[in-house]
Amino acid sequence: MPRDEPTPEQRAAGATAFLRYACKMATGAGKTTVMGMLAAWSILNKVVNRADARFSDLVLAVCPNVTIRDRLQELDVERGEASIYRTRDLVPPALMPRLAQGRVVVTNWHVFEPRTQGVGDVSAPVVKVGQAVTRQERVYIGDKNTTARGDRYLTEAEYLRLVASGELEEVEPPADRDGRRWALVKWTRYVESDTSIVQRVLGRSRGKQNILVMNDEAHHAYRIQREQSADDDEAFGDEEVEEEYVREATVWIEGLDRIHKLRGINRCIDLSATPFFLGSAGRETGRPFPWTVSDFGLIDAVESGLVKIPQLAVRDDTGSERPAYHNLWRWVMHNLTPAERGGRRANPKPEAVLKWAHIPIATIVGDWEKTRLDWAGTEEKRPPVLILVCKDVKLAKVVYEWIAEGWSSYDVPVLGMESLRNRDGATNTIRVDSKVVAETDAGGEGAGGGSKADDARWMRFTLDTVGLLAWPRDAQGRDLHPPEFEELAHRRAERLEVPVETLLHPPGRGVRCIVSVGMLTEGWDARTVTHVVGLRPFQSQLLCEQVVGRALRRASYDPVEGEDGPRFQEEIAQVLGVPFEIIPFKTTGGPPKPPVTRRHVRALPERAELAISFPRVEGYTQVVRNRLDVDWDRVPAITLDPTKIPSEVKMAAAMPNNQGRVKAVDVGKVREMTLETFFATKRLQQLVFEAAGTLTRDFIATGAASAPAHVLFPQVQRIIARYVDEKVRDDGKDKRVLFCAPYYGWFLERLVQSLSIDTANGGQAEAPKLDRAKPEGSTSDVDFWTSRPVTDTRRSHVNYMVADSALEAKAAGKLDGSAAVVAWVKNAGLGLAIPYAHNGERHDYQPDFIVRLAGPAQRFLVLETKGHDELYEVKKSAAERWCAAVNADGRWGEWIYRIAWSVGDVAEYLIELDQLNASGSSR
């Protein structure tokens with residue numbers, strides 16, 4: 001069996017490899033029961049034959065946090081009839097006295113960390129008690145005090161302070177070396193000796209040797225070798241998280257090294273649903289531990305009925321091989337604009353993420369609500385639980401406020417699921433910060449004190465009691481509260497000024513939705529989780545399995561009689577956005593490209609008579625004083641396109657095979673999730689009413705309307721109702737989808753940009769708001785270089801025309817040869833931009849040509865040559881609005897807008913405008 005060999009540094013400290021067996025067991029498959037069986041097998045065999053070195057009567061169970069530690073206390077043989085050996089009938093009563101001759105110690109890895117005997121980070125003499133540990137290392141001088149990838153960083157001031165206090169001995173002073181500033185230092189810490197650590201961990205074991213170790217969630221416990229590539233941090237997504245993981249793994253495994261050195265580890269049994277190496281381990285990311293001896297994975301657990309059936313998105317309206325919401329984060333990021341995305345390392349804007357996640361979240365929330373109502377009609381008194389796993393605190397905060405507090409914005413309407421709102425003292429939705437969980441996981445000294453620490457501990461108790469209706473009771477019927485809970489409840493009741501009796505029940509019993517930051521990866525095994533949404537990036541199979549694992553524990557283990565005997569009832573967990581297949585894609589380099597010819601595109605002084613000037617419009621000024629008007633021919637329609645934003649998702653049991661490819665599992669029924677359940681209590685008329693209220697409030701808040709709300713609201717409501725009737729292309733789909741983001745923000749934007757003032761009743765026409773720095777643009781400003789193909793011009797102030805398409809090139813030829821044209825210019829390097837709003841952002845539409853038409857009046861044609869463009873109606877409406885405002889101003893002549901879908905359209909427009917010029921008409 002291959003062993004986890006120590007690093008050279010660990011070997012120098014006396015560490016040697018010990019025998020490890022890793023067992024892969026799916027979450028919810030019964031790891032605690034297996035640990036109880038292993039402990040009983042080892043202790044009973046050792047008691048019968050003390051000379052048999054294959055067995056141990058001292059068992060050490062190590063876990064990641066205090067929550068798991070408390071749950072694993074049932075492994076303690078001293079609990080007798082309350083231990084797992086009796087509650088699950090693992091050991092017959094006659095053998096319990098023999099089992100009691102052994103000992104099981106349950107602890108969390110934090111106790112392995114040597115306790116420093118110094119006085120912390122303050123300037124004071126070092127207390128020289130304990131074992132002196134001297135180390136020489138580089139210290140990098142930076143802008144903050146931190147550690148990253150095993151390197152230590154100090155500010156200049158902190159470095160000088162530590163040297164002056166004697167805590168650091170300077171071997172080489174700070175200097176710039178290889179582009180970084182660092183110093184070589186030596187420091188001495190006084191810590192517990194190895195003997196002291198082992199005695200503290202094992203307690204009253206009378207120096208027993210030959211110990212059986214069981215590591216629960218053992219993917220935390222292996223030797224880190226810092227030989228990572230530059231991209232390894234992507235497995236964690238956060239450098240701080242990575243450092244904490246490395247620290248945990250190092251403290252855990254070095255603690256076991258000390259026990260092996262002083263007492264001897266007989267064998268170490270590693271139990272985990274995901275016994276894989278993560279990144280930054282100096283090993284292949286995602287590779288299983290080489291000492292793995294058994295694999296009872298997710299597929300085995302599902303097919304045997306021990307866990308819920310996880311159903312993933314297998315098909316949707318898009319018809320694509322991979323459903324859009326299979327990897328929800330990737331789909332959302334693909335739809336965000338560069339500004340919303342924030343770059344490769346920056347975090348995307350939470351509101352923008354939620355705008356695109358609205359429909360998938362609403363879809364799964366509707367299915368959760370259906371499940372809740374189904375459960376309410378049975379004897380099940382616990383509510384089903386929905387988990388949303390978010391990328392960071394900012395996103396989780398917005399999602400939480402949207403679900404629990406009714407937050408909404410111009411782009412994201414209110415969710416409106418009342419059963420998840422926090423109202424009238426009911427806490428239906430909670431937000432869990434992974435840092436709070438980590439702080440309480442350490443326990444003991446890490447728990448801290450004060451109201452902030454109390455809140456953190458209360459949140460942990462709330463989280464740990466989700467799905468628990470009542471506390472277990474003793475023989476006298478008294479509630480068995482967890483340690484510290486009753487005292488904490490009294491302090492909280494005093495602070496909140498409520499009766500303590502109202503806080504003594506399990507605080508998480510009514511929780512229906514959990515918005516988590518990061519992941520609830522282990523130590524949390526609520527049985528009532530039925531729906532999971534992943535709204536974060538997933539870079540590894542391990543992360544996917546850990547998140548899905550939170551929903552796998554069965555709600556009921558009571559078998560039901562069937563034709564083939566008693567069996568567990570089928571239970572389902574709906575999982576959206578957690579991908580089970582991660583295939584990285586990297587581009588490969590090619591041969592160098594040959595140099596290209598560059599041309600200088602500029603205005604020619606000798607053609608100054610062909611110059612064209614235009615206003616640079618950045619917005620519009622209008623105030624609604626009485627009535628609104630709508631040019632319905634100008635209003636862009638909107639298409640509800642399920643092939644791009646699915647509103648129906650088919651869910652089926654599907655899990656990865658050995659090659660990482662998702663395969664269907666022949667268990668459970670295919671289930672369809674639609675928005676129908678979400679819309680069950682929402683009428684179209686109600687949604688129109690709510691949107692009209694939003695738009696009216698926005699008009700008044702921004703100063704765009706001086707008319708009172710009671711005058712404005714009925715007009716806006718009628719306009720929205722007509723828009724829904726006439727301008728929504730739904731292809732038979734439910735029009736209520738229009739009131740889900742991102743459609744919601746899109747249709748409000750299109751409507752607002754098409755509204756105008758009713759000038760017939762005393763209103764003032766809309767006027768252009770000009771760029772203050774440069775209110776007028778001109779062809780004289782064109783001056784740039786290009787490597788793209790160009791063509792010569794004759795009737796243009798600019799020497800070359802850079803064509804973006806064949807249609808543009810042909811249109812330019814028509815303009816150069818038409819008698820109706822005095823001058824023309826391609827809008828490249830010119831700066832003509834027509835403002836419009838889409839997707840919650842301001843955009844600039846740049847039409848292709850400006851044409852000065854023949855005739856005595858100053859008349860101009862804004863010409864667009866158009867291929868396929870999903871937003872052409874939006875841009876057309878914006879251009880017509882621009883022309884109307886500029887014409888109302890009157891300083892730049894008359895402007896007309898046309899779209900040409902072919903070169904024939906260009907010829908027809910020129911003939912039409914030439915005839916209008918000859919007749920003296922304007923249009």
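This is a predicted model: local features need pLDDT of at least 70, side-chain atom pairs count only at pLDDT 80 or more; totals for chains, interfaces and linings use all residues.
**Whole chain.** I noted 23 helices and 40 strands in the protein chain, and I found that 52% of its 923 residues count as buried. For the accessible surface I recorded about 42800 Å², with 49% of that area belonging to carbon and sulfur atoms. I also looked up the contacts with a separation of 6 or more, and 74% of them are accounted for by residues 24 or more positions apart.

**Helix α13.** I located α13 at residues 393-404, twelve residues in all, and its span from the first C-alpha to the last is 16 Å, close to the expected 16 Å at 1.5 Å a residue. Nine of these twelve residues are buried, so I describe α13 as largely enclosed by the rest of the structure. The buried residues I listed are Leu395, Ala396, Val398, Val399, Tyr400, Glu401, Trp402, Ile403 and Ala404.

At the N-terminal end of α13 I found a cap from aspartate 392, one of whose side-chain oxygens lies 3.4 Å from the backbone nitrogen of lysine 394. Just after the helix I checked glycine 406, and this residue takes a positive phi of about 80°.

Definitions and conventions. Residues are numbered from 1 along each chain as its sequence is written. Side-chain values use heavy atoms; hydrogens and water are left out. Helices (H or I, at least four residues) and strands (E, at least two) are DSSP runs, numbered from the N terminus. The expected span of a helix is 1.5 Å times one less than its number of residues. Buried means under 20% relative accessible area, exposed over 50%, partly exposed in between (1.4 Å probe, protein chains only). A polar contact is a pair of N or O atoms within 3.5 Å; within protein, one must be able to donate a hydrogen and the other to accept it, and residues adjacent in sequence count only if both atoms are side-chain atoms. Contact means heavy atoms within 4.5 Å. Accessible areas come from the Shrake-Rupley method with a 1.4 Å probe; for residues, only the protein chains shown count as cover.
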